[in-house]
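Let's walk through this structure together, one piece at a time. Keep the sequence and the 3D view open as you read.

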Amino acid sequence: QFTARALNTLLVVRSVVPPEDIVRAVVADAVFASGDWKAGMNLSGAFTQFTDSASMRLANQIRLGYFEGKTTTQMVGLLRGLASNQYRDGQLALLAQSAEVMAKDAFQLATGAGKLETLKANDIDKYEWVSVLDDRTSTKCRALDSRVFTVGKGPLPPLHPRCRSTVAPVLPDRLKDELADVGTRNTQEGPVDSGTSYYTWL
């Protein structure tokens with residue numbers, strides 16, 4: 001619905017919202033293209049592997065502590081972390097950080113897949129990769145910025161953990177006359193023309 005509302009803002013004509021069950025199916029089948037352990041997995045597979053891996057890490061830590069003869073208090077410290085470090089060095093804190101990254105990446109993949117399904121419902125078959133124009137953007141995302149792909153045949157964010165890229169519709173000629181506004185892109189120095197690519201801005 002967000003993408004449909006965005007199209008309504010962008011265009012004078014009314015956009016179409018795809019059925020919810022279709023969007024859910026598309027999101028469930030979406031595959032991570034990121035360069036880490038999630039590559040090639042869908043959301044369900046990635047979450048299953050994450051929880052299995054997290055359980056194994058905790059079990060291994062407890063097993064290691066047992067064989068090293070650590071006391072219960074020491075083993076709790078390994079899991080929870082040290083108060084002097086605000087408990088940020090324990091296995092539980094590290095897992096919480098990993099879970100946060102996983103959740104953000106999953107949300108980004110689901111959002112991108114939903115956007116593309118909305119574009120298809122509105123007979124828009126092309127999309128543009130949009131990276132953040134600042135000095136924190138990864139090399140991979142810099143290279144893809146402003147590149148155009150066919151819906152269903154190109155990559156979707158995230159390309160890596162904490163990826164901030166997104167996708168935007170490429171309007172066919174029949175809709176370009178309906179544009180309400182060309183718009184701009186935000187950068188760390190201020191707005192620039194929407195047609196500015198990362199390396200043009202750089």
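Two strands are said to pair if DSSP finds at least two bridges between them. Within this pairing, Tyr127 has Pro169 in E3 as its bridge partner. E1 also pairs with E2, again in the antiparallel sense, over 3 bridges, and there Lys126 stands opposite Thr150 of E2.

Before going further, a word on what you are looking at. This is a predicted model, in which local features need pLDDT of at least 70 and side-chain atom pairs count only at pLDDT 80 or more, while totals for chains, interfaces and linings use all residues. Residues are numbered from 1 along each chain as its sequence is written, and side-chain values use heavy atoms, with hydrogens and water left out.

Buried here means under 20% relative accessible area, exposed means over 50%, and partly exposed lies in between (1.4 Å probe, protein chains only).

Stepping back, the protein has 8 helices and 5 strands, and its order along the sequence is α-α-α-α-α-β-α-β-β-α-β-β-α. These elements are DSSP runs numbered from the N terminus: helices are H or I with at least four residues, strands are E with at least two. Of the 202 residues, 35% count as buried. The protein exposes about 12,100 Å², and carbon and sulfur atoms supply 56% of that area; accessible areas come from the Shrake-Rupley method with a 1.4 Å probe, and for residues only the protein chains shown count as cover. Among contacts between residues at least 6 apart in sequence, 61% join residues at least 24 apart, where contact means heavy atoms within 4.5 Å.

Where does the side chain of Lys38 make a polar contact? Its partner is the side chain of Asp105, at 3.1 Å. A polar contact is a pair of N or O atoms within 3.5 Å; within protein, one must be able to donate a hydrogen and the other to accept it, and residues adjacent in sequence count only if both atoms are side-chain atoms. Lys38 lies in the loop between helix H2 (20-29) and helix H3 (43-67), and it counts as buried because its relative accessibility is 2%. Leaving aside neighbours within four places in sequence, Lys38 is in contact with Phe32, Ala46, Met102 and Asp105.

Next, the cysteines. The structure holds 0 disulfides, a disulfide being a pair of cysteine sulfur atoms within 2.5 Å. Cys141 is in none, and the nearest cysteine sulfur, that of Cys163, is 3.6 Å away. Cys141 counts as buried because its relative accessibility is 2%, and Cys163 is buried too, with a relative accessible area of 7%.

Finally, some backbone details. Most residues other than glycine have a negative phi, and most peptide bonds are trans. Asp123, in the loop between helix H5 (91-121) and strand E1 (126-130), has a positive phi near 60°; at 58% relative accessibility, Asp123 counts as exposed. In the loop between E2 and E3 sits Arg162, whose phi is about 65°. The loop between strand E2 (148-150) and strand E3 (166-169) also holds Pro158, and the peptide bond from Pro157 to Pro158 is cis, with omega near 10°.
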